[in-house]
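Thanks for coming, everyone. Please have a look at the model on the screen while I talk.

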Amino acid sequence: FILMLIISKIDYHFLAKFTVPAVVVSYICEILVTFTPLGIAVNGKKRWLGTRSLRFQPAELVKIVVILLLAVLITRLGKQINEWRVWGMIAVLIGPLALLVTMNNLSSGIIICGIAFVMMFIACKRKWPFIATVALGITAIVFAPPVAIALEKAGILHSYQLSRILVWKNPEAYPKSGGYQVLQGLYAGGLLGKGLGQSIQKLSFLPEPQNDMIFAVICEELGLFGAVAVIFMFLFMLYRFLVIAGNAPDLFGAMLVTGVLAHIAIQVVLNIAVVTNVIPNTGITLPFISYGGTSVLFLMIEMGMVLSVSNQIRLEQQ
């Protein structure tokens, strides 16, 4: 929180000077966590750097770096952002970094690509490639099982990722294995809930209740009323982001806020969609609510960036 306040008082244009070093540091961190013994494995996945007691996920750093890098590029390139060669250049800059993240953390890789997608969609006049991509994604979701089986045979998907998709389509068929977490999450509910702190599912019945599945605990303790209240709080936050982006002093400020908006919106939607079994199960935290120091730290940094833009609006109005 203190770090957020400090960043909010810094002119956000100053952050642009750290773009290149930040990209380099991101690549170094991802290479270290993926290809060296410095990467710490938890539950079979190497996603952390540091020690057992003090560590962080480089993927969270990459999310901010992608926002900052795209905001700088979109601002400096101007109308050239609509050219195919520029799209290729951006893909070369961000693609390998997103791929390194995806190798260890598919959900974070999806979020990083989603951030880039939204920012480019807002900045570019040519919209049809984005619409075509969304249509392709919807088609892939509708025909997910056969597509996943084909990708698994081609070596693109791992067997555990295929099992998640099969479980998603029919969790009742896997009640004691892959479908257990999904089914336990779906049991939670009620109109007003059991009361704050009275969840039964979080007492060893629901795996990862403090992280990925915390929205199920909210539903059980606070019921439909509490779940809707949490969703409306997120919607109000995103609305305020839209207001700040729309009134930002310049394009760079607007794109910074748009990137943060995209990050939080995508993460909220994906987390709730996983808990309600709308999409296959994948590890995504609920912003500001799920347990996790790295996630909260970098989210508060992003909030500081948004507040910095907001403060510049107030200064201009004065």
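I will go through helix packing, salt bridges, a surface patch, backbone angles and a few distances.

First, the ground rules. This is a predicted model, where local features need pLDDT of at least 70, side-chain atom pairs count only at pLDDT 80 or more, and totals for chains, interfaces and linings use all residues. Residues are numbered from 1 along each chain as its sequence is written, and side-chain values use heavy atoms, with hydrogens and water left out.

Let's start with helices. Helices here are DSSP runs of H or I with at least four residues, strands are runs of E with at least two, and both are numbered from the N terminus. Two packed helices are described by the angle between their axes and the distance between the axes. An axis is a line fitted to C-alpha atoms, for helices over the stretch in contact, and angles run from 0 to 180 degrees between N-to-C directions.

Look at helix α2, residues 19-35, and helix α3, residues 58-77. Their axes lie 9 Å apart, and the packing angle is about 150°. So α2 and α3 are roughly antiparallel. As for the word: angles over 145 degrees count as roughly antiparallel, under 35 as roughly parallel, 65 to 115 as roughly perpendicular, and the rest as oblique. The crossing of α2 and α3 is left-handed. That means the near helix is turned anticlockwise from the far one by less than a right angle; clockwise would be right-handed.

Now α3 again, with a new partner. Helix α5 covers residues 106-123. The axes of α3 and α5 come within 10 Å and cross at roughly 15°. Therefore these two, α3 and α5, are roughly parallel. Their crossing is right-handed.

Next, charges. Side chains of opposite charge can pair when their charged atoms come close. How many salt bridges does the structure hold? Two. The rule is a side-chain nitrogen of Lys or Arg within 4 Å of a carboxyl oxygen of Asp or Glu.

Are E60 and K63 buried or exposed? Both are buried. Buried means under 20% relative accessible area, exposed means over 50%, and partly exposed is in between, with a 1.4 Å probe and protein chains only.

The other bridge joins R85 and E83, at 2.8 Å from N to O. R85 is exposed, because its relative accessibility is 58%. E83 is partly exposed, at 31%.

On to the surface. Which residues form the nonpolar patch? They are L191, L192, L224, F225, V228, I231, F232 and L235. Together they have about 830 Å² of accessible area. That area comes from the Shrake-Rupley method with a 1.4 Å probe, and for residues only the protein chains shown count as cover. Patch members need over 30% relative accessible area and no salt bridge; nonpolar side chains (Val, Leu, Ile, Met, Phe, Trp, Tyr) are joined within 5 Å, like charges within 9 Å. Take F232 from that list. F232 sits in helix α10, residues 214-246. With 54% relative accessibility, F232 counts as exposed.

Now backbone angles. Most residues other than glycine have a negative phi, and most peptide bonds are trans. N277 has a positive phi, near 65°. F288 has a positive phi too, near 70°. N277 is in the loop between α11 (251-275) and α12 (293-317). F288 is also in the loop between α11 and α12. N277 is buried, at 15% relative accessibility. F288 is partly exposed, at 30%.

Last, some distances. K17 is in the loop between α1 (2-8) and α2. K17 is exposed, at 63%. K17 and V72 are 55 residues apart along the chain, and their C-alpha atoms are separated by 9.6 Å. Q184 lies in helix α9, residues 180-187. Q184 is buried, at 11%. From Q184 to K202 is 18 residues along the chain, with 9.6 Å between C-alpha atoms. F1 lies in the segment before α1. F1 and V86 are 85 residues apart, and 37 Å separates their C-alpha atoms.

That's my tour. Questions, please.
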